[in-house]
Amino acid sequence: GALDPAAPLMDGVLKPGVNPVFRPELARRNPHIPGLLYDGPLMAFFGRFLGQPVRHYDYTWVRCVGRGSGTPPHYDIVYMGRGTWNLWTVWTPMGDVPWELGGLMVMPGTHKHERLLNAYAKRDVDTYCVSRPGGGWNTPGFDGWLSHDAAGVQRGLKAPWLSTEYRAGDVVVFSTVLVHAGLDNHTNRVRLSTDSRYQPASEPADERWIGPNPPGHAGAGIKRALIC
């Protein structure tokens, strides 16, 4: 119901004023997505890459990004760090993504940035300090973003942003402790993509993203208050 019925379906033109942004339920209703992400070449790749049996998260992030600002810079681990950190993201564009449609950009070398790894990476969007109201290691309302200023992050970390135009069939594989962000969409078309996660099967997995009905950020007991 988000697409303009007057435009060709495969052009993905959104109705004026509509921006679906995040639609994970589309993965649950689509029989093609599990076969694309969790069977065949991707799982075989991770078996070779990790050198052992692999498990994937049971939750699939589906992005339906319309005209407007992209995703701010962040590490993924702040949303999924309660299991192993030997955890990998695959960003998969569902179709061609030229510059004007936006796409993924990554900041190389930031997976080794000690200050980020020792502070920001250890935060958890579902955990906060109750002993330091209004401040401290984590506070209520932490949204996970490193910053909303991608250019400022580039200046502060003294590292380049890297991106490209993408074609259907491309994927980007990166660590959950690599700074990345989404470029702005300058069109009236939707940018469809998925995020999926993979790890060694022998290592602990974040309980928010596994099981037949992963609770995500909303399940009982997910929010944790700490004395810190």
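Glu 207 pairs up with Arg 224 in a salt bridge, their closest N and O atoms sitting 3.0 Å apart (a salt bridge being a side-chain nitrogen of Lys or Arg within 4 Å of a carboxyl oxygen of Asp or Glu). Glu 207 lies in the loop between β9 and β10 (224–226) and Arg 224 in strand β10, so the pair ties together parts that are 17 residues apart in sequence. Helices (H or I, at least four residues) and strands (E, at least two) are DSSP runs here, numbered from the N terminus. Glu 207 is partly exposed at 32% relative accessible area, and Arg 224 is partly exposed at 37%. For these labels, buried stands for under 20% relative accessible area, exposed for over 50%, and partly exposed for what falls in between (1.4 Å probe, protein chains only).

The model is a predicted one, with local features needing pLDDT of at least 70 and side-chain atom pairs counting only at pLDDT 80 or more, while totals for chains, interfaces and linings use all residues. Residues are numbered from 1 along each chain as its sequence is written, and side-chain values use heavy atoms, with hydrogens and water left out.

In total, the structure holds 13 salt bridges. Another of them joins the side chains of Arg 55 and Asp 58 at 3.7 Å, N to O; Arg 55 is partly exposed at 27% relative accessibility, as is Asp 58 at 34%.

As for the overall build, the protein has five helices and 10 strands. Its radius of gyration is 18 Å, which agrees with the value near 17 Å that a compact globule of 228 residues would have; the radius is taken over C-alpha atoms, and the globule rule is 2.2 Å times the number of residues to the power 0.38. The C-alpha trace spans about 55 × 40 × 35 Å along its principal axes. Of the 228 residues, 43% count as buried. Of the contacts (heavy atoms within 4.5 Å) between residues at least 6 apart in sequence, 80% join residues at least 24 apart.

Strand β9 (residues 191–200) contains Ser 196, which is buried at 0% relative accessibility. Its side chain makes a polar contact of 2.9 Å with that of Tyr 198; such a contact is a pair of N or O atoms within 3.5 Å, where within protein one must be able to donate a hydrogen and the other to accept it, and residues adjacent in sequence count only if both atoms are side-chain atoms. Leaving aside residues up to four places away in sequence, Ser 196 touches Leu 37, Tyr 38, Trp 88, Thr 89 and Val 90.

Gly 35, by contrast, is found in helix α2 (residues 32–37) and is partly exposed at 43% relative accessibility. Leu 9, in the segment before β1 (21–22), is exposed at 65%.
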